[in-house]
Amino acid sequence: MRLIRTAVYFVALFISPLLNAAEKVVLVTLDGLRWQEMFTGIDEALLDSDKFTSGQEALRRDFWDPSPKVRAQKLMPFFHDTLFVRGSYAGDLELGSCAEVSNRKNFSYPGYSEILTGVVDPSIDSNDKVFNRNKSFMELLLEHSQRTGADFSAAAFASWDVFPFIINTERSGIYVNAFGPLQTVATPEEKVIQGFYFDTPRPWTTVRHDVFTHRFALEYLRREQPDVLYVSYGETDDFAHDGKYHEYILAANRTDRFISELWSTLQGLDAYRDKTVLFITTDHGRGESPLEEWQHHSPTEEGNKDSNSLLRYARGETGEEAVWFAAMGPGINEKGLIDTGGDCLTSNRVAASLLHALGIDYRDCLLYTSPSPRDRQKSR
C-alpha cells in the first residue's frame with residue numbers, strides 16, 4: 001500500500017520549502033469534534049435544547065456570545081489565540097476553507113487509519129479490533145531510520161482501546177498506551193496518576209477519560225522525549241454519542257486546555273523548544289440537521305460521494321466527512337486560515353506531510369521493504 005501521492009498540494013499549503021525541517025513532530029487528534037464548534041463556538045440551538053443540554057445557564061455564561069468568532073475563542077482559546085495566529089489551519093466551510101476525510105465511511109477506524117497511514121483502504125469497514133495491514137507514518141519513519149542510520153523514536157497515547165490495532169503494535173513494535181493502565185510505572189508521578197486511574201469510575205467500556213491519556217503522555221514525553229508523539233483524545237465523540245451536549249462542550253474546552261499544556265511542556269524542554277511541529281486534526285465530522293444528527297456520524301450518501309464538503313455546504317447540506325486541520329512550528333507557514341478555493345484538503349495527506357516536516361520524502365520510505373522493528377527484535 002502507498003501513501004497518497006497528492007500530498008504535495010497539502011505540503012505546499014502548510015509547509016514552507018524555504019525553512020529548515022523540524023526535529024520533532026507531535027500529532028494530536030480530537031475524536032469527532034465538529035468544525036461547527038471549532039470555528040463558530042457553542043451551537044445555540046443545542047445550547048437551548050432541554051433534551052441534549054443540562055446546565056444551560058452556566059454554559060451560556062461561559063461560552064455564549066452573539067459573535068461566532070468570540071464564541072469560538074471562548075470555547076477553544078488556545079486554538080484561536082495561539083495556534084491559528086502562529087500557524088495555518090483549514091476546515092472553516094463558512095469562509096471557503098475545506099477539509100474532509102477521503103474514506104467517506106466517516107467513523108473512527110477508517111478515519112484514524114487514513115490520518116496515520118495516508119492510505120484509503122476500502123477493506124477497513126468497521127471499528128473491530130483487527131490489526132491494520134497499512135503502515136503508519138511512524139512505522140515507516142522507524143524503518144527509514146533503521147535503514148539510514150538515523151535514530152528516530154515514536155510513541156502513542158490514546159483514550160480508545162482500538163489504537164494498538166490501528167497502529168499494529170504486533171508488527172510495528174511502537175509503544176502504544178491506550179485505554180488501560182501503564183504496564184510499567186516509572187516515576188512517582190505516574191504512580192499517582194495510575195492510582196487515580198484505578199479509583200475513577202469509567203463511563204465507557206472502550207474509552208477512558210482523556211485526563212489519563214493526557215497525564216500519561218506528558219510523563220512519557222518528559223522522560224523518554226520521543227521524536228514523534230501521537231496523542232488521541234476521545235471524550236468529545238463519546239459524550240456526543242451519549243447525547244450530552246453540555247459534556248461534549250466541556251470536553252472540547254478541557255481538551256483545548258490539555259493541548260495548551262502539552263505545547264507549554266514542549267516549549268519548556270530543550271529537545272523540543274522551537275524544533276517541534278504540532279499538528280492537530282479530527283477523524284470525522286458529525287451531522288447538523290436535523291438537530292438530533294449532531295450525535296451521529298455515518299457514511300456519506302452514495303449520491304454525494306463525488307461532491308466535496310465545500311459544494312455540499314454551499315447547497316445547504318452538511319456532511320460527516322467534513323473535518324479540520326491546524327498546525328504550527330518550524331517550517332509551518334503562518335498563513336492563518338487557508339483558502340482552499342474549490343478544492344478540499346484531505347486526511348490522506350497528513351502522514352506524508354508529517355514525514356516531510358521532518359525533512360523526509362515519503363517516497364523514500366516506500367522504495368524499500370524491510371522487516372518491521374518487532375521482527376528485527378525477534379530475530380536477535
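Are Cys-98 and Cys-344 buried or exposed?

Reply: Both Cys-98 and Cys-344 are buried, where buried means under 20% relative accessible area and exposed over 50%, with partly exposed in between (1.4 Å probe, protein chains only). This is a predicted model, in which local features need pLDDT of at least 70 and side-chain atom pairs count only at pLDDT 80 or more, while totals for chains, interfaces and linings use all residues. Residues are numbered from 1 along each chain as its sequence is written, and side-chain values use heavy atoms, with hydrogens and water left out.

A disulfide is a covalent bond between the sulfur atoms of two cysteines, and here the term is applied to a pair of cysteine sulfur atoms within 2.5 Å. A search of the whole structure finds one such disulfide, formed by Cys-98 and Cys-344, whose sulfur atoms lie 2.0 Å apart. The torsion about the S-S bond of Cys-98 and Cys-344 is about 75°, so the disulfide is right-handed. The pair links distant parts of the chain, 246 residues apart: Cys-98 sits in the loop between β2 (88–90) and β3 (99–100), whereas Cys-344 sits in the loop between β9 (336–337) and β10 (345–346). These strands are DSSP runs (E, at least two residues), numbered from the N terminus.

Definitions and conventions. Helices (H or I, at least four residues) and strands (E, at least two) are DSSP runs, numbered from the N terminus.
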